[in-house]
Amino acid sequence: MTSPRRQPARRRTTVLGRRAVLATVPVAVAALVGAAGPAGTGTTGAAGAGDPYFPLSGNGGYHVRHYDLTLRYQSDGRLDGTAVLTARATQPLTRFDLDLKGLTVGGVEVDRTAAGVKRSGQELVVTPRHALRAGQDFKVTVTYHGTPEPVTDPDGSADGWIPTDDGAFVASEPQGAMTWFPANAHPKDKSSYDFTITVPKGRTAVANGDLLGQRTAKGRTTFRWRETQPMAAYLATATIGTFQVRQYTTRDGIRVYDAVDPREAKAAAPVLKQLPSVLEWESKLFGPYPFTSAGAIVDHAKVGYALETQTRPLYDSAPDILTLVHESAHQWYGDSVSLTSWKDIWLNEGFATYAEWLYSEQHGGASAQKTFDELYARPAGNELWAYPAGAPGSGENIFGTPVYDRGAMALHELRKAVGDRTFLAILRAWAAEHRGGHGTTAQFVRLAEQKSGKPLDSLFHTWLFTKGKPNKA
């Protein structure tokens with residue numbers, strides 16, 4: 001999500017014969033999802049994934065391998081949806097939860113058999129007719145409708161399905177996925193996705209991954225999108241609007257799809273033109289681009305932030321070049337390599353912010369050292385030192401200045417301690433070894449020590465976990 005230095009608000013139709021692509025997540029999903037957080041009672045799946053900042057986000061007892069979302073959007077804002085979740089039980093289940101807020105549920109089936117269902121806040125509690133065995137694959141079908149509304153986050157900003165004057169700006173970090181589809185909505189649970197989105201003729205629906213096709217009939221257009229790589233629910237989008245669309249393929253074979261609100265087109269054009277060169281530059285630093293598609297969604301939404309929606313970042317207005325660099329860097333750090341807990345958000349935002357510093361340094365701007373020095377010169381009472389980047393303390397703080405800037409400062413101190421060559425080797429190894437999966441701060445520290453051969457606990461403790469303004473070494 002975009003750095004708060006530029007965005008004060010924060011950081012930051014059914015198609016037959018479609019082949020579902022099931023995500024293979026290279027982590028111990030059962031350990032992450034089934035056993036995480038509040039333990040289920042007997043054969044009851046936990047109501048949350050155990051995150052201390054968002055205790056009801058996600059669910060225990062199962063892993064969603066694939067989402068097949070069929071959405072029909074009306075001009076008055078109404079949404080009709082059918083979600084088919086292909087999942088695997090990670091424990092015996094007589095009951096499990098899904099995250100869904102505010103929409104009316106028409107019915108729920110488990111393996112084509114009607115299931116019991118009740119609402120409890122943001123939890124959709126499902127009781128299948130037949131208990132599920134540990135390791136059993138099953139499908140959950142949920143039909144629903146209503147007018148989605150965004151959720152208000154602890155920092156006061158909105159996320160999820162955010163209505164606009166011509167559609168919706170759909171940005172779901174950290175908890176907004178539940179405003180528009182039933183989900184196991186925590187970054188621990190990553191899945192592949194199919195989207196079939198029908199909108200009034202003249203509107204465009206943009207989701208993640210590759211555009212498989214579009215068809216207009218009887219005054220409506222249906223768009224089909226597919227993301228085969230594992231994706232956290234908060235990174236999914238189904239943004240709708242009146243967009244100018246540009247499609248092309250880079251010389252590296254990446255399929256680019258840009259959708260731009262005409263009101264932002266003039267300002268966005270010179271920046272979006274640089275996307276291929278930015279991705280090429282980042283690939284040289286961080287390793288191969290982790291997806292087959294790229295692009296941008298530039299809306300006219302004025303919500304106060306941009307978001308690194310997987311493969312196709314979402315901007316609320318025309319971005320500047322450093323915002324483009326920031327959200328593109330997230331494709332490696334945050335999207336491909338995801339969090340296991342929101343308290344580790346610096347692994348996303350600190351890395352993307354430091355990508356900005358490196359880009360500036362290598363493209364005629366300030367050096368990373370100069371940026372560091374300017375930040376360190378801020379007095380002890382400045383918001384930069386309000387809380388440690390590696391332990392923000394609550395969901396209210398995860399998109400604050402310390403996470404972004406002090407997180408980047410920690411990386412700069414690491415770079416100085418190990419040298420440029422080893423530092424870049426650490427960044428590439430982090431992206432490669434955790435590709436499509438998850439990582440923690442402790443794992444990153446271990447990797448940095450292994451690659452450098454140096455003890456680094458003290459460095460990371462100082463820059464990530466010390467309260468107040470740290471002393472320089």
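In the predicted model, strand 19 (293-298) and strand 20 (314-315) run parallel and are joined by two bridges. Within this pair, Val-298 has Tyr-315 of strand 20 as its bridge partner. The two strands belong to an open sheet of four strands, arranged in the order 17-18-19-20, in which the pairing is mixed. The edges of this sheet are formed by strand 17 (244-249) and strand 20, each of which pairs on one side only. In general, the strands of a sheet pair through backbone hydrogen bonds, and the pairing may be either parallel or antiparallel.

The loop between strand 19 and strand 20 contains Thr-311, a residue that has a positive phi of about 75° although it is not a glycine. Most residues other than glycine have a negative phi, and most peptide bonds are trans. Thr-311 has a relative accessible area of 1% and, because this value is under 20%, counts as buried. A positive phi, of about 65°, is also found at Arg-112, which is likewise not a glycine. Arg-112 lies in the loop between strand 4 (104-110) and strand 5 (113-114), and its relative accessibility of 79% is over 50%, so that Arg-112 counts as exposed.

A further open sheet consists of three strands in the order 3-7-6, with antiparallel pairing. Here the edge strands are strand 3 (96-99) and strand 6 (116-120), each pairing on one side only, and neighbouring strands of the sheet are turned against each other by 25° on average when direction is ignored. Strand 3 is joined by four bridges to strand 7 (residues 123-127), and these two strands run antiparallel. The bridge partner of Asp-97 in strand 7 is Val-125.

Strand 10 (residues 158-164) and strand 11 run antiparallel and are joined by five bridges; together they form a hairpin that has two residues between the strands. Gly-167 of strand 11 is the bridge partner of Thr-164. Strand 11 (residues 167-171) is mostly covered, since five of its five residues are buried. In the loop that leads from strand 11 to strand 12 (190-200), Pro-174 is found, and the peptide bond that joins Glu-173 and Pro-174 is cis, with an omega of about 5°.

The largest nonpolar core of the model comprises 137 residues, and the residues with the most contacts inside this core are Trp-180 and Phe-181. Helix 5 (residues 346-362) supplies the largest share of the core, namely nine residues. In soluble globular proteins, nonpolar side chains tend to be buried together. When neighbours within four places in sequence are left aside, the residues in contact with Trp-180 include Leu-69, Leu-71, Leu-79 and Leu-103, as well as Tyr-144, Trp-161, Val-170 and Phe-195. Ser-172 and Thr-237 are also among the contacts of Trp-180.

Helix 5 also meets helix 3 (residues 275-286): the axes of the two helices come within 12 Å and cross at roughly 110°. Because angles of 65 to 115 degrees count as roughly perpendicular, helix 3 and helix 5 are described as roughly perpendicular to each other. On the side of helix 3, the contact is made by Val-278, Trp-281, Glu-282, Leu-285 and Phe-286, while helix 5 contributes Ala-355, Leu-358, Tyr-359 and Gln-362. Sorted by class, the residues of this contact are seven nonpolar, one polar and one charged.

Although Asp-210 and Trp-225 are 15 residues apart in sequence, their C-alpha atoms are 5.6 Å apart in space. Apart from neighbours within four places in sequence, Asp-210 is in contact with Arg-224, Trp-225, Arg-226, Arg-255, Thr-292 and Ser-293.

How values were computed: Residues numbered from 1 in each chain as written. Predicted model: local features only at pLDDT ≥ 70, side-chain atom pairs only at ≥ 80, totals over all residues. Heavy atoms only, no water. Buried < 20%, exposed > 50% of the residue type's maximum accessible area, 1.4 Å probe, protein only. Pairing = 2+ DSSP bridges. Core = buried A, V, L, I, M, F, W, Y, C linked by side-chain atoms within 4.5 Å. Contact = heavy atoms within 4.5 Å. Axes fitted to C-alpha atoms, helices over the stretch in contact; angles between N-to-C directions. Parallel < 35°, antiparallel > 145°, perpendicular 65-115°, else oblique. Nonpolar A, V, L, I, M, F, W, Y, C, P; charged D, E, K, R; others polar.
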